[in-house]
Amino acid sequence: MPIQSLTKRLSVLAAASLLAPTLAFAIEPPADPEITRAAIFSAEFSSPELEVQPSLVTLPRGQANALEHTRRFFAHHSDDWEVRFDTRGNRPNVIEGVGVPLLPGRGNSLAGDGEVTLADVEARLRGFMDELPELLAVSQDQLRLNASASANVGPDRQLWFVEFQQVRDSIPVDGASVYFRINEGNIIQFGAERIGDVHVSTRAQVTREEAFAAALKAVGARVSEISEVVNAGELKIFPALTLGERPGERYNGSAGRGYRHLLGWELAFRRTGDDTTYQAVVNAHNGKVLRLVDLNDYAQVTGGIYPQTNTDTEVVRGFPFANVSNGTTKVTDAGGNYTYGGGTATVTLNGRYIRMTDNCGAISKSDSSTGNIAFGTSGGTNCTTPGSGGAGNTHASRTGYYHLTNINRKAAGYLPGNTWLNGTLTSNMNINSTCNAFWNGSTVNFYRSGGGCSNTGEIAAVFLHEWGHGMDTNSGGAASDKGTGEAVGDTFAFLETKSGCIGPNFRPGVNCTNCTNCTGVRDVKEFSLQGTKTIARPSTIADNNGINCDRYACPYNVNFFSPYQGPMGYQGHCESHIASSANWDLAQALVARYGTTAGWAAMDAIWYKSLTPSKSAYRVASGGKCNPNAVVDGCGSSNWYTVFLAADDNDGNLSNGTPNACRIWDAFNAHGISCGSRPVCTQ
């Protein structure tokens, strides 16, 4: 079949159901981490020119006349603001401080009542930009509201994140945006992320079909092998380094000339018999494959579930939000209760929010006497069942349904308008493979036991980790690198299990690398302030008593083509310890300040409310990649430290600190990824 016919036939499908681009995250690195291909191969498929980040200069509060961009702003709104200026784009990357009243809230005296919509906020922000056009120096006709990256979050809905995508001739500029963070009615952080003057021609010289053919050739695939086209081809503009630059180095060129741009086709597809979701970026002017990555994010109705891992005693819990067929379709409450109307009641674990699909067989349990449907408990693993409820009534299906539904509902409390959380996620259990799990952009997937590993669907932290990748992807702020992405998954896991050991008994009897007492995939506590090993930070990344990431090649590539790197270029699972252990330390500081229950709740609030704008845990400011002596910090507009402060603020004013600003700084500074001087805590 000609490639033109294939893409024409499947482009309609892709347009109707287009998966949002993500990065590849499995729970574990590949079995042989030392396997790499020739340097020319990795350069061909992971072009370093696309690894461009803002180059920041920080101007402390009070320097009102230091920048022409901000003089009128300071004159109107005081100079009690810090500015982090991006010399590449010659625009402010972060402006944070005392707050500008925008919406009625506790941080100001603006009058108003009634519900405020995203359209209302957009109109007011555009008015704000119109009044001071030189502040961000980008024409409003180049800014398109990015609704998927904007959110009104928190149980009290006081926090707004609003993002405007930069476009040129209606073509989006990848990763380039103007953003605003509004708390208690006041703008407390805003700026321009990777915004530059775009001069590249937007007329493609390579067709969508030719780009698809180039991607297939790069993979070594034939058209007949393609099982699904995920994205048949979307034209984008990609910011790039200037000629001769290397990733992770400070920009020393002329202000405003640091972003070069390339026009490219972004597309994605899957092959028959292959779990990989291939995403390619092909230069639309010369047909060169610029990027090739794997999109997969690799890792009363009652029933028996494992609280944390498959060595626990199985306990019986009510199955929340399960669909019950009983005359009509009913849904159980959070405790697994529903109103029984007599007759036969049937549950298949195709729930309101989570749908279990078990490769061992179908799931179905009925009762026609009391309406109580007990899926039961059992010994064994993989396809072992209690002897009823179908061949798919396994430990993995029961345990996965319970934990995945509960974390879905927890997240919905912070992100009530999130469409992904209010949809139905499919979880595929007992896949006939071993030692891993993955998120593929639409489903979570877990393997059977074998090869020295437990069943990954029987370990809470593993499926919480993979669910976390899905949440990250669908919160509007998906991690921009693999190290951050793995730290995202591990943070979701330890917030639920309250254990720094991520997935105990993943490899029974075998401790993780450099771990003292953890049979999981990683131990974020071990390399924290509470641990026994060298604290994980950029300067100690190669320490043999620490996370020892130089045991992998750097920059790290896997499966011969797919870069699996953290911000510093080290293997993503390994480098993720820096950010996840910083989060662990922050959680412990909050527990120490507020007590166990309130402390973990405070960490939940900071974490969930910060998801939308957070994209990378930290950045390399200078010194290049694969360098423990590089200058690394959390000063970027979408870095965790910077966003956490906005999420934690409670009065619409960042200049006076936040309830936990000092604790956030202490945790991140201990791991070398804070920014600036220590702010004050107000609680």
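Reader: In this predicted model, which residue of β16 stands opposite V324?
Author: V324 faces across to β16. Strand β15, residues 323-326, pairs with β16 over 4 bridges in the antiparallel sense. The residue opposite V324 is K330.

Reader: In what order do the strands of the antiparallel open sheet with β15 and β16 run?
Author: This open sheet has 4 strands, and the pairing is antiparallel. Its edge strands are β16 (328-331) and β19 (365-367), each pairing on one side only. From one strand to the next the twist averages 25 degrees. The order is β16-β15-β17-β19.

Reader: Which are the edge strands of the open sheet with mixed pairing?
Author: That open sheet also holds 4 strands, ordered β18-β21-β23-β22. Its twist averages 20 degrees from one strand to the next. An edge strand pairs on one side only, and here the edge strands are β18 (354-358) and β22 (437-439).

Reader: What is the bridge partner of R355 in β21?
Author: β18 pairs with strand β21, residues 425-434. The sense is parallel, over 5 bridges. Within β21, the partner of R355 is T426.

Reader: Are α7 and α8 parallel or oblique to each other?
Author: Helix α7 spans residues 395-414 and helix α8 spans residues 460-473, with their axes 10 Å apart. They pack at an angle of about 40 degrees. Roughly parallel needs an angle under 35 degrees. α7 and α8 are therefore oblique.

Reader: How many nonpolar, polar and charged residues does the contact of α7 with α8 hold?
Author: α7 passes α8 in a right-handed crossing. From α7 come T399, G400, H403, L404, I407, N408 and A411. From α8 come A460, F463, L464, W467 and M471. The division is 8 nonpolar, 4 polar and no charged.

Reader: Is α11 roughly perpendicular or roughly parallel to α12?
Author: Helix α11 (residues 596-609) packs with helix α12 (residues 640-648), axes 9 Å apart. The angle is about 115 degrees. Angles of 65 to 115 count as roughly perpendicular. So α11 and α12 are roughly perpendicular.

Reader: How many charged residues are in the contact of α11 with α12?
Author: The crossing of α11 past α12 is right-handed. I606, W607 and K609 of α11 meet W640, F644, A647 and D648 of α12. Of these residues, 5 are nonpolar and none is polar, and the charged ones number 2.

Reader: In which helix is confidence lowest?
Author: The mean pLDDT of the protein is 88, and 91% of its residues reach 70 or more. Confidence is highest in helix α13 (residues 661-670), at 98. It is lowest, at a mean of 34, over residues 39-45, in helix α2.

Reader: How many contacts beyond near neighbours in sequence does the stretch of residues 1-25 have in the model?
Author: pLDDT is below 50 over residues 1-25, and likewise below 50 over residues 30-44. Where pLDDT is low, the predicted coordinates should not be read in detail. Beyond near neighbours in sequence, residues 30-44 have 18 contacts. For residues 1-25, the count in the model is 67.

Terms used: Residues are numbered from 1 along each chain as its sequence is written. This is a predicted model: local features need pLDDT of at least 70, side-chain atom pairs count only at pLDDT 80 or more; totals for chains, interfaces and linings use all residues. Side-chain values use heavy atoms; hydrogens and water are left out. Axes are lines fitted to C-alpha atoms, for helices over the stretch in contact, and angles run from 0 to 180 degrees between N-to-C directions. Helices (H or I, at least four residues) and strands (E, at least two) are DSSP runs, numbered from the N terminus. Angles under 35 degrees count as roughly parallel, over 145 as roughly antiparallel, 65 to 115 as roughly perpendicular and the rest as oblique. A crossing is left-handed if the near helix is turned anticlockwise from the far one by less than a right angle, and right-handed if clockwise. Contact means heavy atoms within 4.5 Å. Ala, Val, Leu, Ile, Met, Phe, Trp, Tyr, Cys and Pro count as nonpolar, Asp, Glu, Lys and Arg as charged, and the others, Gly among them, as polar. Two strands pair if DSSP finds at least two bridges between them. pLDDT is the predictor's confidence in each residue, from 0 to 100.
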